[in-house]
Amino acid sequence: MQENQFFVDSDKLSEKALEKKHRLETDPSVRTNHMEYMEGMEQISSDIMEKVLGQMEAYDYSQYTAADVQYALSKETCSVEDFKALLSPAAEPFLEQMAQRAKAETGRHFGNTVYIFTPLYIANYCENYCVYCGFNCYNDISRKKLNAEEIEKEMKVIADSGIEEILILTGESRQMSSVEYIGEACKMASRYFRNVGLEIYPVNVEEYRYLHECGADYITVFQETYNSDKYETLHLMGHKRVFPYRFEAQERAILGGMRGVGFSALLGLDDFRKDALASALHVYYLQRKYPHVEYSLSCPRLRPIINNDKINPLDVHERQLCQVLCAYRIFLPFVGITVSSREQKHFRDGIVKIAATKVSAGVSTGIGDHESKYHGEETGDSGDEQFEISDGRSFDQMYEDISTEGLQPVLNDYVYV
């Protein structure tokens with residue numbers, strides 16, 4: 001076990017901190033082993049990571065042909081091998097056929113429904129140095145942590161808009177956003193919302209159990225990239241650096257009693273086809289091991305950030321993103337698919353007719369600014385946003401737009417007895 005905690009809690013970096021930052025960026029020998037668990041990190045016995053990474057590393061998408069794609073689309077059930085063909089460049093000319101098949105699968109299992117939720121960031125302090133993230137501990141941004149009164153005020157503003165599902169997010173700092181702090185936010189959210197999700201730093205099984213008892217229904221964890229070598233170069237410090245602990249977060253959450261778990265890679269950090277394959281296989285193998293759990297996939301693309309020049313982002317165009325989403329739906333017909341506000345309105349409006357089943361609305365990725373965004377009323381200081389969004393529609397506008405397209409907006413379909 002190795003302990004590697006460092007926290008920058010100041011507006012300006014000290015000379016010592018700048019020196020450490022430079023060494024982390026330029027000298028791999030000073031970084032901890034990204035495959036070695038740190039103190040306090042629970043290890044579970046699971047073969048899921050081995051299965052997923054083995055398939056991903058062996059995936060040569062250049063070997064697939066048009067005939068492979070046509071064969072995959074002709075089958076009633078999509079196998080892993082068929083899915084690989086649908087993700088390959090050979091499938092790009094068949095996007096229209098893929099979309100038709102995906103639309104049929106979505107209609108069969110989800111009808112014409114589209115679920116609506118909104119995220120609530122309650123803190124943006126972070127102890128990790130992830131070079132692509134706006135919250136990383138070395139970025140000179142305005143940091144804020146909402147207190148109980150401020151959290152409740154934000155939740156009331158959101159609930160009054162009509163939204164019934166909320167996703168609570170924090171930066172990845174146990175020091176500033178403890179499990180107990182997050183648990184209290186869950187208890188509060190349970191009074192205002194029917195469905196409560198979490199997107200926080202990974203925790204141990206019993207901590208997930210505690211958060212579930214506090215009111216959390218599901219958790220989402222982004223692996224960012226499933227290429228462990230690339231992962232090492234992007235996560236230079238902090239608990240997030242430990243690749244296997246992050247990978248196993250959803251399984252620990254399931255063992256802790258969570259009703260649902262969400263997955264994603266951040267497309268553009270590495271080879272998006274391999275990351276898309278690994279994301280779906282992560283779901284596929286867990287779904288077979290724990291069939292009672294609700295599974296969902298997200299599909300965020302890398303947004304403009306301060307350090308783009310340091311990570312050499314790989315472009316993922318809208319047609320390629322559409323291909324990934326259609327392949328997801330054909331391969332995993334029962335799995336929910338979320339399309340975030342990172343994407344533009346025209347893309348989100350189109351993809352919910354084909355493959356996606358869930359969208360966010362009334363989005364703010366800042367801390368403590370929902371009242372100003374919803375009502376135009378300034379409420380004092382707030383924390384900086386994590387990334388830029390493209391679709392800033394309000395809940396009312398999103399509801400109306402979905403209805404206008406002949407789809408049924410759904411706020412909640414879960415009944416507690």
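**Ground rules**

The model is predicted, so local features need pLDDT of at least 70 and side-chain atom pairs count only at pLDDT 80 or more, while totals for chains, interfaces and linings use all residues. Residues are numbered from 1 along each chain as its sequence is written, and side-chain values use heavy atoms, with hydrogens and water left out.

**Exercise 1. Find out which stretch has pLDDT below 50.**

Step 1. Know the score: pLDDT is the predictor's confidence in each residue, from 0 to 100.
Step 2. Take the whole chain. Its mean pLDDT is 90, and 89% of its residues reach 70 or more.
Step 3. Residues 1-7 have pLDDT below 50. In the model this stretch has 32 contacts beyond near neighbours in sequence (contact means heavy atoms within 4.5 Å).
Step 4. Be careful. Where pLDDT is low, the predicted coordinates should not be read in detail.

**Exercise 2. Work out how α4 and α12 run relative to each other.**

Step 1. Locate the helices. α4 covers residues 80-87 and α12 covers residues 272-289. Helices (H or I, at least four residues) and strands (E, at least two) are DSSP runs, numbered from the N terminus.
Step 2. Read the geometry. The axes come within 10 Å and cross at roughly 150 degrees. Axes are lines fitted to C-alpha atoms, for helices over the stretch in contact, and angles run from 0 to 180 degrees between N-to-C directions.
Step 3. Classify. Angles under 35 degrees count as roughly parallel, over 145 as roughly antiparallel, 65 to 115 as roughly perpendicular and the rest as oblique. Therefore α4 and α12 are roughly antiparallel.
Step 4. List the contact. α4 gives V80, F83, K84 and L87; α12 gives R273, A276, L277, A280, L281 and Y284.
Step 5. Sort these residues: eight are nonpolar, none polar and two charged. Here Ala, Val, Leu, Ile, Met, Phe, Trp, Tyr, Cys and Pro count as nonpolar, Asp, Glu, Lys and Arg as charged, and the others, Gly among them, as polar.

**Exercise 3. Bring in α14 and describe its packing with α12 and with α4.**

Step 1. Start with α12. Helix α14 (residues 318-331) packs against α12 at about 20 degrees, with the axes 11 Å apart. The two are therefore roughly parallel.
Step 2. List the contact. α12 supplies F272, R273, A276, S279, A280, L281 and Y284, and α14 supplies Q320, Q323, V324, Y328 and F331. By class, that is eight nonpolar, three polar and one charged.
Step 3. Turn to α4. The axes of α4 and α14 come within 9 Å and cross at roughly 165 degrees. That makes α4 roughly antiparallel to α14.
Step 4. List this contact. V80, F83, L86 and L87 of α4 meet Q323, V324, A327, Y328, I330 and F331 of α14. Nine are nonpolar, one is polar and none is charged.

**Exercise 4. Decide whether I48 is buried or exposed, and name what I48 touches.**

Step 1. Name the partners. Leaving out residues up to four places away in sequence, I48 touches F247, E251, H282, Y285, L286 and K289.
Step 2. Compare sequence with space. I48 and E251 are 203 residues apart in sequence, but 9.1 Å apart C-alpha to C-alpha.
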